[in-house]
Amino acid sequence: MHDLTRLHGATLQPDGATSFSLWAPDAHSVAVRLGDGSVHTLHHQDDGWYSARVSCGAGTAYRFLIDGQLSVPDPASRYQPQGVDGPSCVIDPDAFVWQCRQWQGRPWHETVIYELHPGACGGFAGIQARLPELLELGITAIELMPVSQCPGQRNWGYDGVFPFAPQASYGTPDELRQLIDSAHAQGLMVFMDVVYNHFGPHGNYLGEYASGFFRQDQPTPWGAAIDFRAAQVCDYFCENALMWVLDYRIDGLRLDAVHAIRDADFLRTLAQRVRSAVPDGRQVHLMLENERNQASLLNQGYDAQWNDDGHHALHVLLTGESESYYSDFARDTTIKLARCLQEGFIYQGETSRGGGLRGEPSGHLPPTAFILFLQNHDQVGNRALGERLINLADHRAIKAALGLVLLCPMIPLLFMGEEWGCEQPFLFFTDHDQELGKAVREGRRNEFADFAAFADEALRQRIPDPNVAATYLSSVPDRSQGNPTLQEDWLACYRSLLRLRHAHIVPRLPGSLSDGTHILGEKAVSACWRLGDGSRLRIDLNLSEHAVAVAAPDPGTTVIHDYRASLSRDPGLLPGYSTRAILDPAT
């Protein structure tokens with residue numbers, strides 16, 4: 001394994017001592033106070049660095065002492081067993097004994113992602129217990145919502161202030177490694193959602209002694225932007241990515257909201273450093289969430305992007321909703337879906353609702369450069385009441401759309417619970433102190449003031465308080481609350497479609513290209529792809545309630561999926577709420 005250069009934090013040395021390093025350019029002095037009360041001076045180095053070698057080993061608690069007054073945890077702490085306000089803990093990343101040592105990952109085209117919230121799934125041990133059922137479902141990769149240490153015991157994970165430290169309420173660092181090792185032993189990849197665009201609102205003290213970490217000329221929704229132009233800042237986040245990939249053997253990273261990172265050079269540098277650090281033969285995948293639709297990054301070290309455009313078009317067709325960001329997709333929605341299936345992004349430089357130009361041309365990219373979904377944590381949890389799609393749309397239409405999402409050559413993503421028809425909400429939840437909790441509650445409710453359903457302040461008071469435990473508990477998927485027969489029906493639908501994907505689509509995916517789309521009618525499209533082996537895949541989708549004319553399957557082709565299409569005796573008519581997938585063998 002290639003070495004991981006660690007500049008930030010506490011690094012255990014071969015002789016059992018620990019090297020402590022802190023970038024504190026605004027400080028006059030820095031020391032480290034260990035759990036036994038002893039204080040050791042860190043020596044001033046070039047460019048604002050302070051470092052020292054101390055005779056202490058793994059398990060040592062410590063805090064940094066800035067100018068003899070400010071006592072802070074390590075911003076590169078590998079473990080915060082007592083939370084964001086407690087001391088940091090020295091960790092030996094090499095102490096864990098890996099069982100699945102020959103794991104090299106899986107090719108990107110085999111990916112079927114299952115996104116989950118670690119806390120809602122019982123922590124690292126709880127997720128590990130669920131791996132066999134996810135494998136049976138047809139999942140090939142689990143994607144963990146951010147696990148970096150956040151304030152309190154429950155959080156979505158995007159309020160993290162210690163990117164290197166797994167959330168203590170989910171388990172220890174080695175319990176996370178055990179989850180990953182077990183997943184690999186069963187042939188499952190593990191992806192990590194990482195947040196490099198901001199720090200959370202409580203527990204981060206970098207501004208007190210390293211103001212150069214931030215730039216005041218670029219405000220973001222979370223405060224001053226992170227200044228990736230500083231080499232020490234760039235190294236901090238690159239080291240974090242390398243830690244997940246090398247120390248934890250994570251198979252891929254999903255970078256959250258990189259549209260808030262204005263420095264594209266950093267994104268390219270991070271990808272280059274990850275690629276160069278991974279041993280030959282090992283497969284690691286990098287994914288983006290990026291409202292700016294920067295297709296160019298998908299040729300510069302990144303495998304794929306979450307395709308919000310595709311989701312939004314499908315959601316509008318399924319629900320009729322047109323407020324907020326759905327307004328960009330409320331007109332010519334069928335045309336927009338057709339463009340998505342043919343070219344990837346819908347917005348490729350056009351003006352969006354904010355008035356600016358959004359996106360770059362993407363038609364040259366393979367379909368596997370786009371991750372498609374009907375639900376994820378954002379699209380469910382950012383709703384005021386956290387409703388899942390099953391509560392918003394006709395179930396027949398959802399199943400028709402599933403045929404497209406799970407069989408088309410884009411990479412599919414599922415959100416925890418959708419596979420068994422979970423009807424519980426997934427709400428935004430936090431665990432802040434009383435003052436911050438009040439601010440979050442009021443801010444959350446005010447976000448929806450422009451929505452017709454919550455225009456009245458009294459109605460906004462019905463939006464669940466993110467900071468009360470009941471909000472979190474109601475978001476934990478619980479199969480005992482539903483109808484077992486209906487749950488099995490949904491499970492059978494997902495299993496069947498994923499079996500078809502693995503049997504007919506995945507082996508043919510490398511080298512796939514769009515072969516055009518055709519609009520059949522309002523809410524109905526026919527999309528074709530030339531697969532890598534020369535065969536041709538056609539998916540006919542009708543999300544309307546009315547039948548539409550469609551080309552009948554040609555002789556010699558195979559209908560691999562038929563959801564309600566056979567209800568019509570005329571193969572040239574596609575009934576309402578139906579999907580048909582046709583495979584034409586290579587010629």
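Biologist: Where is the place of Ser296?
Modeller: Keep in mind that this is a predicted model. Strand 17 covers 285-288 and strand 18 covers 304-306. Ser296 sits in the loop between strand 17 and strand 18.

Biologist: And how far apart in space are Ser296 and Leu365, C-alpha to C-alpha?
Modeller: Ser296 has a relative accessibility of 32%, so it counts as partly exposed. In sequence, 69 residues separate Ser296 from Leu365. In space, the C-alpha to C-alpha distance between Ser296 and Leu365 is 9.6 Å.

Biologist: Is Gln102 buried or exposed?
Modeller: Look in the loop between strand 8 (88-89) and strand 9 (113-116), where Gln102 is found. Exposed means over 50% relative accessible area. Gln102 has 69%, so this residue is exposed.

Biologist: What distance separates the C-alpha atoms of Gln102 and His184?
Modeller: Along the chain, Gln102 and His184 are 82 residues apart. Their C-alpha atoms are separated by 9.4 Å.

Biologist: On to helices. At roughly what angle do the axes of helix 1 and helix 2 cross?
Modeller: Helix 1 is residues 123-137 and helix 2 is residues 173-185. Their axes come within 9 Å. Helix 1 is roughly parallel to helix 2, because angles under 35 degrees count that way. The crossing angle is roughly 10°.

Biologist: Which residues of helix 1 make the contact with helix 2?
Modeller: On the helix 2 side you'll find Glu175, Leu176, Gln178, Leu179, Ser182 and Ala183. By class, this contact of helix 1 with helix 2 has six nonpolar, three polar and one charged residues. From helix 1, the residues are Phe124, Ile127, Gln128 and Leu131.

Biologist: How do helix 9 and helix 13 lie, roughly parallel or roughly antiparallel?
Modeller: The axes of helix 9 (residues 395-407) and helix 13 (residues 484-505) come within 9 Å and cross at roughly 25°. Anything under 35 degrees counts as roughly parallel. So helix 9 and helix 13 are roughly parallel.

Biologist: Which hand does that crossing of helix 9 and helix 13 have, left or right?
Modeller: The residues that meet include Leu402, Gly403 and Leu407 in helix 9, and Cys493, Leu497 and Leu500 in helix 13. By class, the contact of helix 9 with helix 13 has 12 nonpolar, two polar and three charged residues. Where helix 9 passes helix 13, the crossing is right-handed.

Biologist: What does His561 touch?
Modeller: His561 lies in strand 27 (residues 558-563). With a relative accessible area of 11%, His561 is buried, because buried means under 20%. Leaving out residues up to four places away in sequence, His561 touches Gly403, Leu407, Leu497, Leu500, Thr579, Arg580 and Ala581.

Biologist: How many disulfides does the count come to?
Modeller: The rule asks for a pair of cysteine sulfur atoms within 2.5 Å. The count comes to zero disulfides.

Biologist: Which cysteine has the sulfur nearest to that of Cys493?
Modeller: Cys493 is in no disulfide, and the nearest cysteine sulfur is 15 Å away. Cys493 counts as buried, at 16% relative accessibility. That nearest sulfur belongs to Cys408.

Biologist: Near what value is phi of Lys523?
Modeller: Most residues other than glycine have a negative phi. Lys523, in the loop between strand 23 (513-521) and strand 24 (524-530), has a positive one. Lys523 is partly exposed, with a relative accessible area of 30%. Its phi is near 70°.

Biologist: And about what phi does Ser324 have?
Modeller: Ser324 is in the loop between helix 6 (308-319) and helix 7 (333-343). At 28% relative accessibility, Ser324 counts as partly exposed. Ser324 is not a glycine, yet has a positive phi of about 55°.

Biologist: Last one: what is the C-alpha separation of Asp584 and Arg536?
Modeller: Asp584 lies in strand 29 (residues 578-584) and touches Ser535, Arg536 and Thr557, not counting residues up to four places away in sequence. Along the chain, Asp584 and Arg536 are 48 residues apart. Their C-alpha atoms are separated by 4.9 Å.

Conventions
Residues numbered from 1 in each chain as written. Predicted model: local features only at pLDDT ≥ 70, side-chain atom pairs only at ≥ 80, totals over all residues. Heavy atoms only, no water. Axes fitted to C-alpha atoms, helices over the stretch in contact; angles between N-to-C directions. Helix = DSSP H or I, 4+ residues; strand = E, 2+ residues; numbered from the N terminus. Parallel < 35°, antiparallel > 145°, perpendicular 65-115°, else oblique. Left-handed = near helix turned anticlockwise from the far one by under 90°. Contact = heavy atoms within 4.5 Å. Nonpolar A, V, L, I, M, F, W, Y, C, P; charged D, E, K, R; others polar. Buried < 20%, exposed > 50% of the residue type's maximum accessible area, 1.4 Å probe, protein only.
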